[in-house]
Amino acid sequence: MNIALPKGRLGEKAYDILEQIGFGCPSIREQNRRLVFENEENQVRYFWVKPSDVAVYVERGAADVGIVGKDILLEQSADVYELLDLGIGKCRMAVAGRKGTRLDTERTLRVATKFTNIARAYFASQSREIEIIKLHGSIEIAPVLYMSDVIVDIVETGTTLKENDLEVLEEIVPISARLIANKASYQFNHGRIQKMMEEMAAAQKE
């Protein structure tokens, strides 16, 4: 079974769970720059990819299953099965702005974000006119410099917002890591993937 893991802390936490339920691959713990790790005994192969690419690898069948943030699933609208909320990597997608900001519905709202699809869908559901300003780096600086009225971004602790005199104005959706599967792989490998999902769900409750 091919499993795509997101590079970084979230992927490491997800691997800990997979190892715990019998999908271990000892070589993944070694200090090296390899991206692909295989354990023939467990019939499992892992590879580290950029978090935003996990769903692409799964959708296209390079991976049977993967671990990905809900934010990425919403932004990319990937054609995959979402099997399980792993309850790790918890945060929230939110609208934030300068303290005391009131969202004026009478004019076009300038929204800085890298999550353009999530922002468009959210404000469309409220029939709000917006202008998207797509950024890739420190989104928080946009309202500080009055380039945007608000931002749409992931908020974990809120510390960065506070340090820049910003605050959450509206919450869009809670975010956490999800187990996803390629649709064809899920049919072909249903028994093993289903067992993995059930054991990961059980491990959460321990």
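Me: If buried means under 20% relative accessible area, exposed over 50% and partly exposed in between (1.4 Å probe, protein chains only), how many residues of strand β1 (residues 2-6) are buried?

Reply: This is a predicted model, in which local features need pLDDT of at least 70 and side-chain atom pairs count only at pLDDT 80 or more, while totals for chains, interfaces and linings use all residues. Residues are numbered from 1 along each chain as its sequence is written, and side-chain values use heavy atoms, with hydrogens and water left out. On one side of β1 stand Asn2, Ala4 and Pro6, on the other Ile3 and Leu5, and both faces are covered. The number of buried residues in strand β1 is therefore, by the cut-off for buried, 5 of its 5.

Me: How many of the 206 residues of the protein, as a percentage, count as buried, and how many helices and strands are there?

Reply: Helices (H or I, at least four residues) and strands (E, at least two) are DSSP runs, numbered from the N terminus. The C-alpha trace spans about 60 × 35 × 30 Å along its principal axes. Of the 206 residues, the share that counts as buried is 46%, and the protein has 8 helices and 11 strands.

Me: Which residue in β3 is the bridge partner of Ile3, and which residue stands opposite Ile3 in β4?

Reply: Two strands pair if DSSP finds at least two bridges between them. Strands β1 and β3 run parallel and are joined by 5 bridges, while β1 and β4, which also run parallel, are joined by 2 bridges. Looking along these pairings from Ile3, the partner in β3 is Tyr46, and the residue opposite in β4 is Val65.

Me: In what order do the strands of the open sheet of 6 strands stand, and which strands are at its edges?

Reply: The sheet has mixed pairing, and its order is β2-β3-β1-β4-β11-β5. A strand at an edge has a single partner strand, so one side of it is left without a neighbour in the sheet. Reading the order from both ends, the strands that stand at the edges are β2 (36-39) and β5.

Me: Do strand β4 (residues 65-69) and strand β11 (residues 177-181) pair in the parallel or the antiparallel sense, and which residue in β11 stands opposite Val68?

Reply: The pairing of β4 with β11 extends over 5 bridges, and its sense is antiparallel. Starting from Val68, the residue found opposite in β11 is Arg178.

Me: What kind of aromatic pair do the rings of Phe47 and Tyr57 form?

Reply: Rings of Phe, Tyr and Trp (its six-membered ring) pair if their centres lie within 6.5 Å, and planes under 30 degrees apart count as stacked, over 60 as edge-to-face and the rest as tilted. A search of the whole structure finds 4 aromatic pairs, and in one of them the ring centres of Phe47 and Tyr57 are 5.7 Å apart with planes at 55°, so the pair is tilted. This pair links distant parts of the chain, with Phe47 in strand β3 (residues 44-49) and Tyr57 in helix α2 (residues 54-59), 10 residues apart. Phe47 counts as buried because its relative accessibility is 10%, whereas Tyr57, at 33%, is partly exposed, and the kind of pair they form is tilted.

Me: What kind of pair do Tyr81 and Tyr186 form?

Reply: The centres of these two rings lie 5.3 Å apart and the planes stand at 65°, so the pair is edge-to-face. Tyr81 lies in strand β5 (residues 81-85) and Tyr186 in helix α7 (residues 183-188), so parts that are 105 residues apart in sequence are tied together. Tyr81, at 28% relative accessible area, is partly exposed, while Tyr186 counts as buried at 14%, and the kind of pair is edge-to-face.

Me: What value does phi take in Ser127 and in Tyr146?

Reply: Most residues other than glycine have a negative phi. Ser127 lies in the loop between α4 (116-125) and β8 (130-134) and is exposed, with a relative accessible area of 67%. Tyr146 lies in the loop between α5 (141-144) and β9 (150-155) and also counts as exposed, at 54% relative accessibility. Neither is a glycine, yet phi is positive in each: in Ser127 near 55°, and in Tyr146 about 60°.
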